[in-house]
Amino acid sequence: MTESREFCPNCGDPLSVDTTERDYPASASRRERKLCDACYFDRFDLVDAPERIEVRVCAQCGAVYRGRRWVDIGARDYTDVAIEEVSESLGVHVDAEDVSWQVEPEQVDQNTIRMHCYFSGVVRGTLVEEELVVPVRISRQTCTRCGRIAGDYYASIVQVRGVDRTPTPEEEQRAREIANEIVADMEATGDRNAFVTEMDETPDGLNIKVSTNNIGKKISNKLVEEFGGNVSDSETLVTEDEDGNEVYRVTYAVRLPPFTPGDIIDPDDDGGPVLVRSVRGNLKGRRITTGEEYEAQFEDGHAPDTRKLGTVEDGQETTLVTVEDEHAVQVLDPETFRTKTIARPSYMDEDAETVPVFKSRTGLYVVPDA
Ligand SMILES: [Zn+2]
Ligand SMILES: [Zn+2]
């Protein structure tokens, strides 16, 4: 009968019964299990740590390079970022149990942090402690997005134009708001590639340069949704990307309708002028002679033979002298102060002492109260 004993493969010492029968974590390697305690601890490192860590941050926007991309973290103080990066890079030996640890940053200068790391754990029934220092270097760079913004990069242009007119200041103001809102919404979902490069006033209207085609499309669709009109797009090949794919810049030409709500127009159909209420889809409003509803289609965005006479804001308050009948009233002409008989629209309040009137070369009209 031979006594079965096991020996340390490193030094040849017989292993104690205690060592061979101990419960190890399943992950411990077979060879490590066989070593005597002296040899085992001789080569044991509780913590595996990198010699140094570089944290790349964007000096412009504060984003941090993580994994293989830039991430917004909304921090100006990079100590927390350094702690996080170091913690993630530290590996604790699989044999260790009851591990506890802490890291303490020591700010050396603006770009250098010494991270003091303290670890303890139980290995082979023994409490093991380890202390180490990982130097962290904060490297200030420019992220892809800030580099593009600085380089006036854009992928798409929205041209805000009007048919037979230039856009109103209100329309341009709203176009700017829409562009900023859409980009803000996309940024809020973590899209780092969304930005407005430039908004540029031209004699024909506003040009909005944006970072992606998708943003250009969203802005132009929203403008048409709010103001009517239509949009067309055209592509221009600008370059090829690193993979040889063709890169197109898309121009979205938004054509706002020839009229805006509040305009007083003459459709030249003997029915009298119309106060425009809506221009989305088709043209809607009411006659300022009778108060009747008016509706017409734009043809290719245009309204042929229709002239703009003014806007409802041009109306002046004047004295209502008398209501003649269902179709006629007498008012004072606000310029000559002479009594004039004009059409009585259905929306006019017959008990009013004064009414707003609009005067143009085609005549004098009672308009609705503004
Ligand atoms: Zn040994
Ligand atoms: Zn940046």
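I'll start with D98, which counts as exposed, because its relative accessibility is 66% and the cut-off for exposed is over 50%. Please keep in mind throughout that this is a predicted model.

D98 sits in strand β6, which covers residues 97-109. As background, most residues other than glycine have a negative phi.

D164 also has a positive phi, of about 60 degrees, and is not a glycine. D164 is in the loop between β9, residues 156-162, and α6. Is D164 buried or exposed? With a relative accessibility of 60%, D164 counts as exposed.

Now the aromatic residues. How many aromatic pairs does a search of the whole structure find? The search gives five. One of them is Y40 with F41, an edge-to-face pair with 5.4 Å from centre to centre and 85 degrees between the planes. The label edge-to-face applies because the angle is 85 degrees and the cut-off for edge-to-face is over 60.

The two partners differ in accessibility class. Y40 is buried, at a relative accessible area of 2%, whereas F41 is partly exposed, at 28%. Y40 also has a charged residue over its ring: R124 lies over the face of Y40, 3.9 Å from the ring centre. There is a further arrangement of this kind elsewhere, with R148 over the face of Y153 at 4.5 Å from the ring centre.

Y40 and F41 belong to one aromatic cluster together with F44. Where is F44? F44 lies in the loop between α3, residues 37-42, and β1, residues 47-48. Despite the loop position, F44 counts as buried, because its relative accessibility is 12% and buried means under 20%.

Which residues does F44 touch, leaving aside those up to four places away in sequence? They are H93, V123 and V128. Take V128: F44 and V128 are 84 residues apart in sequence, and their C-alpha atoms are 9.9 Å apart in space.

Last topic, the helices. Two packed helices are described by the angle between their axes and the distance between the axes. Here the pair is α6, residues 169-188, and α7, residues 213-227. Their axes are 10 Å apart and the packing angle is about 135 degrees. Why are α6 and α7 called oblique to each other? The angle is about 135 degrees, and roughly antiparallel would need over 145, so the pair is classed as oblique.

What is the handedness of the crossing of α6 and α7? The crossing is right-handed. On the α6 side, the contact is made by E171, R174, A175, I178, A179, I182, V183 and M186. On the α7 side, the contact residues are N214, I215, K218, I219, K222, L223, E226 and F227.

One more residue of α6 is P169. P169 is exposed, with a relative accessible area of 62%.

Key:
Residues numbered from 1 in each chain as written. Chains lettered and ligands numbered in written order. Predicted model: local features only at pLDDT ≥ 70, side-chain atom pairs only at ≥ 80, totals over all residues. Heavy atoms only, no water. Phe/Tyr/Trp six-rings, centres within 6.5 Å; stacked < 30°, edge-to-face > 60°. Buried < 20%, exposed > 50% of the residue type's maximum accessible area, 1.4 Å probe, protein only. Lys NZ or Arg CZ within 6 Å of the ring centre and 35° of its normal. Axes fitted to C-alpha atoms, helices over the stretch in contact; angles between N-to-C directions. Helix = DSSP H or I, 4+ residues; strand = E, 2+ residues; numbered from the N terminus. Parallel < 35°, antiparallel > 145°, perpendicular 65-115°, else oblique. Left-handed = near helix turned anticlockwise from the far one by under 90°. Contact = heavy atoms within 4.5 Å.
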